[in-house]
Amino acid sequence: MQTILLIGVLIISALLIKAGLSRVGLPPLVGFLLLGAGLRLMDVGWSIVDNRDLMRLELLAEMGLVVLLFRVGLESNLKGLVDQLRRASVVWVADVAFSASVGFVTAYTLLGMPLISAVIVATAFTATSVGISVAVWQETGALQSRDGEMLIDVAELDDISAVVLMALLFSIIPALRDNPAPSSALLPTIGLQAGGFCIKLLGFGALCLLFSRYAERPILSWFGRWKSATDPMLIIAGIGFVFAATAAWLGFSLAIGAFFAGLVFSRDPNAVKMESSFLPVYDFFSPFFFIGIGLRMDAASIWAALPTGLLLAVAAAGAKLIANGLPLLLMYGRSTALVIGLSMMPRAEISMIIMQHGLEQGDWAIGPQTYNAMVVVCFLTCLLSPPAVRRRLSGKTV
């Protein structure tokens, strides 16, 4: 009964938080993080969460991870990306390369983190949670403009590359663990690990492509005959969970399997149209991922992690602003460069998935203080970016 009561209270609290923060133009995930952190503090004082509760909340958090990445893949427009690749790729390459470099230098050189931790932080720096800023663009009617289309194109490329980099990173981490000091002798081992990863990824991608071409539409057509409008979308969600579990079994992660599953269905207009039926599933499970992040925060060490988090937040925000702003400054001018750079600052879902995966490896990969510092990055970038974007868009014709 305790677990059921706890889950019920968290669901109601998450819905109230979402409604309240949406009214003031703030991203709900900030509230979800605070909800998880508050639950952790209450547990320290009153021991309200036992081991069984934690196991069940972790399961819900994993399901939240799957629906988050499934939706990212579902909303990706691969055909549109290919058409716009030439235009958006210059910004995207600069974005990923510069953000990763700034993340690594900040973590490894300035903060003195171990090599593995610095590489994980650098990978987390490449991701963007553009959904935080897109809501502002939609409010102001700017999303369908030239600048809005560029933002979506670059952000989608960011998402795809961050998920692939995450999977590649955790395939080569064992080699880095065995050889913690940077050395050219590591290159053959890393190359072997990366080669094996690429072969497996191509095989998994081929499986997804075959399913997309020969099985996806017949399945949707068959279930589309059912009277309930939500049933086909639930089948799609179920297939997404199967793909996620298959990817985890192959040695990838739930995240990359869910993302690929979303990509499989993103090419079908009928599946994308049914996304509204998926929203209740998304709204139910996705808050638990962020609640789980807050619940993992160590209240005793969060203050110790604050200076590191503030420095990383400044580096993360500055990296995206410069990496996106400079190419766009040359292409479209100062106003476009600034508003898109500000819009690309938030780090949330994919960044924290990368950090969570590192935390699960153990202290040799990511320690609690580094994890807490990246939670601070997530919190600050998601809190500060939307008002700045809104201010720029309200005074800018796009």
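Two residues are said to be in contact when they have heavy atoms within 4.5 Å of each other. The model described here is predicted. The points below are grouped by topic.

**Largest pocket**

- The largest pocket holds about 1300 Å³ of space.
- Its lining is made up of 42 residues, and those nearest the pocket centre are Arg71, Glu75, Gly131, Ile132 and Val134.
- Helix H6, which covers residues 131-139, gives the most to this lining, with seven residues.
- Sorted by class, the lining of the largest pocket comprises 22 nonpolar, 10 polar and 10 charged residues.

**Helix H16**

- Helix H16 runs over residues 349-361 and has 13 residues.
- From first C-alpha to last, H16 reaches 19 Å, close to the 18 Å expected at 1.5 Å a residue.
- Buried residues in H16 include Glu349, Ser351 and Gln356, along with Ile350, Met352, Ile353, Ile354, Met355 and Gly358.

**Threonine 370**

- Threonine 370 is found in helix H17, which spans residues 368-394.
- Threonine 370 counts as buried because its relative accessibility is 13%, and buried means under 20%.
- Apart from neighbours within four places in sequence, threonine 370 is in contact with Met113, Val121 and Met355.
- Met355, one of these contacts, is itself a buried residue of H16.

Key:
Residues numbered from 1 in each chain as written. Predicted model: local features only at pLDDT ≥ 70, side-chain atom pairs only at ≥ 80, totals over all residues. Heavy atoms only, no water. 1 Å grid on protein atoms, 1.4 Å probe; cavity = no way out; pocket = protein on both sides within 12 Å on 5 of 7 lines; lining within 4 Å. Points joined across faces, edges and corners; volume = space filled by probe spheres on them. Helix = DSSP H or I, 4+ residues; strand = E, 2+ residues; numbered from the N terminus. Nonpolar A, V, L, I, M, F, W, Y, C, P; charged D, E, K, R; others polar. Expected span 1.5 Å × (residues − 1). Buried < 20%, exposed > 50% of the residue type's maximum accessible area, 1.4 Å probe, protein only.
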